[in-house]
Structure formats: structure tokens, C-alpha cells
Amino acid sequence: MKKEELKELLKKCFGKEKDEQLNAIVMLTIMMIFIVILVIIVRVGTDKEKSNLTNNPAQMSVPTENTIKPIEDTEKDLLNEEGKQTGNYEINYSYLYTFTLNGKQEIITGKKLDNKEIFTIVNEEGSKDYAKLSNNYLIKNKNSYNLTTVPSANLQYASIDDLADILGLYTPNIEQNQYTYYISNKDLISIYKPELENTQIEEKYNPVTLTINNDRIEKMVMDYSNLYEVINKTPGTYLISLEFNNIGTTEDFTIRID
């Protein structure tokens, strides 16, 4: 599977299905010859709409992940006033992440819609609820959320985008619906611990298995034990399981910020 194909598959898996939209575009193209006058009217209306949006920030689409740090008051007001953001989400799924480090387990369950996310972390210390808005992590306190630091070191290994670039460099072993890649310590260090790139790294490999059904990634399993040994300079076992569900059908939710 080539890098471009893999990235396209990831986008398709965790966004909305585009097939029906493509069909609609084709039909629209065929009919275009009959609605030239309507197109002109639509364009005029669009210009007016853009002007209204410029003067009314509350009607604008959700900002991208890099636009809110710290969280702006305007977005707080929008979330608190409406209770939830509305619109069509390109990224829409629920998840169950399981991290097992030297026999100790941490489970993270959550929902993600574009640049906002709510999740619960369960480990030996108990259970706590969190949210993520763009690059900001928040902890739940009663019925609202407050800014906090990154709540778990495991979260960095749940980033699909970073791993997709690396997987595209490898050829998987394919068995039915499972694609298994063997990723070198060096390549994983480049995305997770770039400050160690210039150090001597033992060339061992870490298996990463994708389970794909109906052109959707349902599960990713990683054995990062060799990577753990490089980073911590001591042997250990580090197993990761990322499961995805309700893709494209996860319901909207509220992030109320104090």
C-alpha cells in the first residue's frame, strides 16, 4: 500500500463517506447547462453571505487546530451559549485505546469530532474525564472543563497522522484483512523522540498491524517494546491497541468551559 493510498484510506476511514457526494457532483455537472442563470444568482448570494460571516464571528466554521492557544473568549461563549457546535464534521469517530506498559494497563475511551474531543482515562489511580479543544487539554470539574496539562504520556502514541507517514514507507505483510508492518526504531524515534535521532539506536523493529474491513481501519495494534527499550534504556513491554467505531455517526457533544 503506497503512502498516498494509505493517507487517503485514513482520511476516508475517519471522515464521512464521500461516494454519495461525488455522485451528486456528477449529476450537478450534467444539469449545469440548464441552470446557468441560477449559478449567477447563487454567486451573488454567496458574496453577501461571506460579508455577513465576516461581520458575525459566531456564524463562522470551527477554527482549525492551530488557531486556539490559549482558548479565546469568543469560542468559550460560542460553546457555552449553544451547548454544542453544529455543522458537518470531516473527522467523526469514537474510540477505545488500551495501553499496556510492563503489565500495567491504561484505558482511554472517547469521541472525536474535527478539532474537539472528549475522553475518559481509566488506570490504577482511578477514572477521570477530559476534553481536548484544538491543542488545549481540559479536565472536567463537575459540569464544566478547565485547562490542564497533557493528562497521559500514552496519548502521543495515538496520533494516526504521524504514524501514517511512516507506514507509507514500508510494504506490509497481508493476511486476509490484516496488514502488518515492521517499523524500525529509527523511524519511530523520528516522530516520537526526535531529540534522540543523532544518538546510537539499535536497529530493531516494531510490529504494527492494521485490521481493515470495508475500506475502514477498525483496529491498530502496535508492539512498541523495542522502541520503549531505546527511549528508556531498559528492557520492557509496551503494547498498544487502538479501536475505532461509530465512524461518521458519532453524535455531537458539549464542552462547557469555565
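Search the whole structure and you find three salt bridges, a salt bridge being a side-chain nitrogen of Lys or Arg within 4 Å of a carboxyl oxygen of Asp or Glu. Keep in mind that this is a predicted model, where local features need pLDDT of at least 70, side-chain atom pairs count only at pLDDT 80 or more, and totals for chains, interfaces and linings use all residues. Residues are numbered from 1 along each chain as its sequence is written, and side-chain values use heavy atoms, with hydrogens and water left out.

Let's start with K116 and D252, whose side chains meet in a salt bridge at 2.7 Å, N to O. This pair ties together distant parts of the chain: K116 sits in strand β3 and D252 in the segment after β11, 136 residues apart. (Strands are DSSP runs of E, at least two residues, and helices are runs of H or I, at least four, all numbered from the N terminus.) K116 counts as buried because its relative accessibility is 1%, while D252, at 23%, is partly exposed. Here buried means under 20% relative accessible area, exposed over 50%, and partly exposed in between, using a 1.4 Å probe and protein chains only.

Next come E117 and K112, with a salt bridge of 3.6 Å, N to O. Both E117 and K112 are buried. The E202 and K204 bridge has its closest N and O atoms 3.7 Å apart; E202 is partly exposed at 47%, and K204 is partly exposed at 28%.

Now for the backbone. D114, in the loop between β2 (104–113) and β3 (116–123), has a positive phi of about 50° although it is not a glycine. K142 has a positive phi too, near 60°, and lies in the loop between β5 (136–141) and β6 (144–148). Are these two residues buried or exposed? D114 counts as buried, because its relative accessibility is 19%, whereas K142 is exposed, at 73%.

What about the inside? In soluble globular proteins, nonpolar side chains tend to be buried together. The largest nonpolar core here has 39 residues, and Y97, F99 and L163 are among those with the most contacts inside it. Apart from that core lies another, of ten residues, including I118 and F253. A nonpolar core is a set of buried Ala, Val, Leu, Ile, Met, Phe, Trp, Tyr and Cys residues joined through side-chain atoms within 4.5 Å.

Finally, look at helix α7 (residues 225–232), where S225, L227, Y228 and V230 are buried. Just after α7, K233 takes a positive phi of about 55°.
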